[in-house]
Amino acid sequence: MDADTAAVAERFGRFARDEAPGRSERYAQWAAGVAADPAVQRVLARIPARHRQPPLVFAVARLLGSGEPPYPQWREWVVAHADALVAECASRSLQTNEPLRCAALLPALALIDGPLALLEIGASAGLCLYPDRYSYRYRGPAGEIALDPSDGPSPVVLECEVRGERMPRVARPEIVWRAGIDLTPLDPAAAATEAWLTGLVWPGEEGRRERVGAALRIAAADPPTLHAGDGAALLAEVAASAPPDATLVVQTPGVLAHIPWAGRHELIADIRAVADGRARWITLDHPTLHEGWAHPIDADAWPDGFALALDGEVLAAADPLGGWLEWRAGGAPVRV
């Protein structure tokens with residue numbers, strides 16, 4: 001077994017063991033099958049390493065017509081369509097654009113004085129640039145919070161479980177400018193965009209396809225300014241176009257994992273330097289992903305989930321896609 005084939009076996013085995021259970025039984029089955037199947041490993045080893053993540057490979061296979069059959073039938077499809085699968089994966093990247101992440105980001109936005117100019121790196125179709133256009137329902141042991149846009153309930157309702165005894169403070173942000181940077185930004189009005197983003201939803205994840213579709217219609221009605229290119233290279237230029245009387249907020253939810261280690265820290269330094277250090281930075285990352293936290297995180301003592309941080313100060317533990325939040329910032333519990 002060569003190094004690339006071994007890497008495929010290890011990565012898909014880890015996905016089957018640690019990532020898919022509880023989210024998608026079908027993806028767990030497919031990944032476990034790949035991890036034990038040298039023939040399929042050899043096919044997937046032909047895909048460039050940055051384009052062979054299990055959710056990407058599985059989504060591309062479904063996009064090309066594999067369906068969602070049990071592993072033996074899916075394996076036959078992969079072997080029969082190996083060239084097409086390898087070529088399409090090489091041209092795609094994971095662009096999971098989950099608007100539910102705004103439920104995790106909103107408490108951080110509530111700590112920043114507005115009006116806000118919101119800039120996202122790794123924006124995909126820009127669905128996380130509309131936290132002011134969605135409805136929110138936070139529920140937990142300490143109570144419930146319902147928050148709607150100023151013109152009434154949104155067709156996108158984001159439900160978030162609040163764990164623990166503390167509710168975060170949330171408020172509708174006043175966003176006067178929104179922009180995104182992505183290597184391959186997606187047009188929210190294009191049918192191909194909806195097909196791809198809904199195709200990235202894992203089988204068995206209820207409600208996500210409908211939520212993404214509804215958010216795409218909100219974005220298509222008032223499209224954000226999306227810039228194609230490398231986030232670090234374009235950051236200063238794009239930030240300079242933000243209105244000077246608004247607070248610039250740069251957010252990086254879920255994107256840093258797709259940037260090599262050194263590049264992550266260069267980008268964090270660039271964000272902190274932009275606008276002469278006056279920009280605010282919100283991120284949602286695994287505690288071990290980078291060293292940009294204001295204080296070291298003891299990963300062994302950290303609960304499941306990612307860390308939500310404002311300017312490197314950790315505020316909460318949160319589901320990577322925004323489904324739950326545990327407020328951990330200092331001070332007394334606060335409510336909306």
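1. Contacts (heavy atoms within 4.5 Å) that link residues 24 or more positions apart make up 71% of the contacts in the chain with a separation of 6 or more.

2. This is a predicted model, in which local features need pLDDT of at least 70 and side-chain atom pairs count only at pLDDT 80 or more, while totals for chains, interfaces and linings use all residues. Residues are numbered from 1 along each chain as its sequence is written, and side-chain values use heavy atoms, with hydrogens and water left out.

3. The radius of gyration, taken over C-alpha atoms, is 20 Å, which agrees with the value near 20 Å for a compact globule of 336 residues; the globule rule is 2.2 Å times the number of residues to the power 0.38. The C-alpha trace spans about 55 × 45 × 40 Å along its principal axes.

4. Buried residues (under 20% relative accessible area, 1.4 Å probe, protein chains only) are 52% of the 336 in the chain.

5. A nonpolar core is a set of buried Ala, Val, Leu, Ile, Met, Phe, Trp, Tyr and Cys residues joined through side-chain atoms within 4.5 Å. The largest has 80 residues, and Leu44, Tyr134 and Tyr138 touch the most other members. A second, separate core has 23 residues, including Leu234 and Leu289.

6. Leaving out residues up to four places away in sequence, Tyr134 touches, among others, Pro99, Cys102, Leu147, Val156 and Ile218.

Note on methods. Buried < 20%, exposed > 50% of the residue type's maximum accessible area, 1.4 Å probe, protein only.
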